[in-house]
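Have the viewer open as you read.

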Amino acid sequence: LLPSSMTNLPSEIEGEEPPSMRMLTSLEPTCPSPLTGWLGSCLQCCSCFHVRPINNSPFLNLPIVPTSVFNLLHNTRSSGSRVQSPTSPLPACSLQQCLSNFTAIERVSEVDCMNCALQNELTSLEDEMCLLEGAISDLDRRGEDATELRTEMNEYQTRRSILSNLSPDADELPEDIIDMPKPKRQEAIKCLLLTRLPTVLCLHVQRRYYNPSTNHVAKAMQHVVFPEVLDVSDYCAYSGSRMKQESWAGKRSGGDCHSCSSSTSSSAAGYGRASTDTDDTILYRLKSVVEHRGNAYTGHYQTYRRLLSAERQLHGKGKWALVSDEHVAIVDWNTVKNCQAYMLFYEAVQ
């Protein structure tokens with residue numbers, strides 16, 4: 001679940017248009033490659049609940065893993081327990097489940113939080129000023145000199161004013177402040193969201209993985225079910241399901257950061273996937289699939305490409321071309337959807 005502050009919307013797109021349009025406007029050809037998009041990293045401190053501005057970085061493809069690999073690595077890190085090997089026959093997973101895992105909330109530790117340091121310092125200053133105020137009042141009632149205490153009070157007030165105006169998210173903090181608070185190491189929760197959409201979305205299904213239990217590299221054989229038309233609104237920062245969330249993990253009303261993050265990061269449901277009554281979809285149409293046939297160390301690549309005659313057919317009743325070295329054949333969608341996808345190329349439906 002995401003608070004409105006988590007999306008950190010730029011002022012120029014804070015309008016009345018549907019949230020999906022805010023993402024679709026990012027499809028303008030301002031990038032050197034149609035594959036280029038922006039991926040935003042969102043971070044919230046579990047102690048002070050401060051949400052940092054989204055940190056954007058460009059990408060050419062999104063690396064996703066089959067759910068069997070995700071579960072194996074997650075369980076190995078958390079408990080050291082063994083689970084069924086992804087190389088064994090497993091029930092199929094969906095592309096949407098893989099994307100939900102990719103954007104799922106996760107708990108991280110040892111994160112520097114400057115906001116915690118500033119808030120702790122300000123709280124300490126307020127306590128000191130409260131004590132000084134009482135001491136000054138007591139001296140005034142007795143007619144004694146309180147000049148030194150008032151000087152000390154002014155110093156505290158000046159420091160409080162300086163620290164109150166500091167941004168915990170500033171790239172550089174002033175160096176002339178005496179005894180600048182040091183960032184505090186805290187636990188936090190983070191997630192990844194799409195903040196600028198590419199014209200062509202490339203999804204890289206990373207089947208090759210390292211199994212720490214066996215100390216070997218293997219290839220995950222789990223089938224990933226992929227649709228011809230993919231709705232990516234659930235994985236965008238500025239989509240309807242995101243914008244309608246009013247709270248996130250670590251609610252100020254006594255919410256527990258750990259329980260909230262663990263309860264919302266299931267691979268089946270993803271997180272923050274609020275159902276809406278309005279059509280706020282962001283659609284991509286499958287254009288090409290690259291398949292890898294073989295094991296973790298050797299194999300062969302072949303490509304399925306939607307034919308131009310099928311471009312007008314949104315739900316894919318048309319034909320596809322299978323290209324494998326010099327071999328080219330015409331196949332139907334049933335053949336394509338059963339392949340072991342390695343890379344998927346989706347084009348935005350304008």
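## Strands around E16

In this predicted model, strands E7 and E16 run antiparallel and are joined by 5 bridges. Strands here are DSSP runs of type E with at least two residues, helices are H or I runs of at least four, and both are numbered from the N terminus. Two strands count as paired if DSSP finds at least two bridges between them. Valine 200 has glutamate 347 of E16 opposite.

Strand E12 is also antiparallel to E16, with 7 bridges between them. Valine 289 has leucine 344 as its bridge partner in E16.

A word on conventions: residues are numbered from 1 along each chain as its sequence is written, and side-chain values use heavy atoms, with hydrogens and water left out. Since this is a predicted model, local features need pLDDT of at least 70 and side-chain atom pairs count only at pLDDT 80 or more, while totals for chains, interfaces and linings use all residues.

## Two nonpolar cores

Which residues have the most contacts inside the largest nonpolar core? They are Leu95, Leu203, Phe226, Val232, Val289, Leu344 and Tyr346, in a core of 35 residues. At least two residues of this core come from each of E3 (62-64), H4 (95-102), E7 (200-205), E12 (283-294), E14 (320-324), H9 (333-337) and E16 (341-348). A second, separate core has 16 residues, including Leu132, Ile136, Tyr156 and Leu163.

Such a core is a set of buried Ala, Val, Leu, Ile, Met, Phe, Trp, Tyr and Cys residues joined through side-chain atoms within 4.5 Å. Buried means under 20% relative accessible area, exposed over 50%, and partly exposed in between, using a 1.4 Å probe and protein chains only. Leaving out residues up to four places away in sequence, valine 232 touches Leu197, Leu201, Ile282 and Tyr284, where contact means heavy atoms within 4.5 Å.

An open sheet of 4 strands has the order E2-E1-E6-E5, with antiparallel pairing. E2 (55-59) and E5 (106-113) are at the edges with a single partner strand each, so one side of each has no neighbour in the sheet. E5 and E6 (184-196) are joined by 6 bridges, and cysteine 113 stands opposite lysine 184 in E6.

Helix H5 (114-141) lies across E1 (37-45), E5 and E6, at about 55° to E5; axes are lines fitted to C-alpha atoms, for helices over the stretch in contact, and angles run from 0 to 180 degrees between N-to-C directions. Among the buried residues of H5 are Leu118, Leu122, Leu125, Met129, Leu132 and Ile136. Their cover includes E1, E5, E6 and helix H6 (147-164). After H5 comes glycine 143, with a positive phi near 75°.

## Cysteines and serine 324

How many disulfides does a search of the whole structure find? The count is 0, taking a disulfide as a pair of cysteine sulfur atoms within 2.5 Å. For cysteine 98, the nearest cysteine sulfur is that of cysteine 93, 3.9 Å away; cysteine 98 is buried at 1% relative accessibility. For cysteine 113, the nearest is that of cysteine 116, 3.6 Å away, and cysteine 113 is buried at 5%.

Serine 324 sits in strand E14 and is buried, with a relative accessible area of 13%. Apart from neighbours within four places in sequence, serine 324 contacts His300 and Gln302. Its C-alpha atom is 7.2 Å from that of tyrosine 301, 23 residues apart along the chain.
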